[in-house]
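Subject: Structure handover

Hi,

Have a look at it first, and then read on for what turned up.

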Amino acid sequence: MNIKGDNDTVSVSNDSLSRNSKISKSTFTKATEPKKLAVSENVRPVSKLRPKVPILINEDVFLQDLAETMASKRADAALLINSDGGLSGIITDNDLTRRVVSTYLNTLDTKANSVMTKNPKCVLTTDSAID
């Protein structure tokens with residue numbers, strides 16, 4: 001599986017994960033299938049961005065442990081997994097700066113699920129990097 005988290009977006013190359021639904025006003029609509037790229041179009045797929053192998057960590061981890069893990073692995077983001085093993089959210093280094101450090105949250109007693117971006121959008125590595 002190849003997953004990349006960046007700017008609250010997750011790139012997934014495993015077709016077994018389903019796409020999230022889009023919310024439009026008060027109705028729920030199913031995400032549309034990506035457009036098939038014509039050879040003549042000069043659009044690069046997500047795979048050309050060279051996504052890194054993701055850090056997967058439990059959503060109940062304390063922010064201090066999460067930050068230390070991300071720092072030791074030189075990661076820009078971590079995918080947060082719920083108790084069922086499903087993707088529940090994402091935290092980026094930018095999230096840690098804006099939602100934790102700048103608001104003076106105590107990283108020793110604040111859990112990741114309280115500041116994560118919930119239900120991130122998932123894309124396939126074959127999707128257009130521009131969308």
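Strand 7 (residues 87–92) and strand 8 run antiparallel and are joined by two bridges. Within this pair, Ile90 stands opposite Thr117 in strand 8, and Gly89 has Lys118 of strand 8 as its bridge partner. Please keep in mind that this is a predicted model, in which local features need pLDDT of at least 70 and side-chain atom pairs count only at pLDDT 80 or more, while totals for chains, interfaces and linings use all residues. Residues are numbered from 1 along each chain as its sequence is written, and side-chain values use heavy atoms, with hydrogens and water left out.

A word on the terms: helices (H or I, at least four residues) and strands (E, at least two) are DSSP runs, numbered from the N terminus. Two strands count as paired if DSSP finds at least two bridges between them.

Leu80 has Gly89 in strand 7 as its bridge partner. Strand 6 and strand 7 form a hairpin with five residues between them, and Gly85 in the turn has a positive phi of about 90°.

How much of strand 7 is buried? Five of its six residues are, so the strand is largely enclosed by the rest of the structure. Buried here means under 20% relative accessible area, exposed means over 50%, and partly exposed lies in between (1.4 Å probe, protein chains only).

**The two helices**

Axes are lines fitted to C-alpha atoms, for helices over the stretch in contact, and angles run from 0 to 180 degrees between N-to-C directions. Helix 1 and helix 2 pack at an angle of about 145°, with 11 Å between their axes. In this pairing, Leu63, Ala67 and Met70 of helix 1 meet Asp93, Leu96 and Val100 of helix 2; a contact means heavy atoms within 4.5 Å.

Which residues of helix 1 are buried? They are Leu63, Leu66 and Met70. Seen down the axis of helix 1, these buried residues fall within an arc of 60° (taken from the directions from the helix axis to the C-beta atoms), so they line one face of the helix. Their cover includes strand 5, strand 6, strand 7 and helix 2. On the other side of helix 1, Ala71 and Ser72 are exposed. Arg74, which follows helix 1, has a positive phi near 55°.

**The core**

The largest nonpolar core has 15 residues, and those with the most contacts inside it are Leu63, Leu66, Met70, Ile91 and Ala112. Such a core is a set of buried Ala, Val, Leu, Ile, Met, Phe, Trp, Tyr and Cys residues joined through side-chain atoms within 4.5 Å. Strand 5, helix 1 (63–72), strand 6 (77–81) and helix 2 each give two or more residues to this core, and helix 1 supplies the largest share, three residues. Leaving out residues up to four places away in sequence, Leu63 touches Ile91, Leu96, Val100, Thr107, Thr110, Lys111, Ala112 and Val115.

**Two backbone spots to check**

Tyr104 is not a glycine, yet has a positive phi of about 60°. Tyr104 is in the loop between helix 2 and strand 8, and counts as exposed at 76% relative accessibility. Asn119, also a residue other than glycine, has a positive phi near 50°. Asn119 lies in the loop between strand 8 and strand 9 (121–124), and counts as exposed at 58% relative accessibility.

**The chain as a whole**

The protein chain has two helices and nine strands, in the order β-β-β-β-β-α-β-β-α-β-β from the N terminus on. Buried residues make up 32% of its 131 residues. Of the contacts between residues at least 6 apart in sequence, 60% join residues at least 24 apart.
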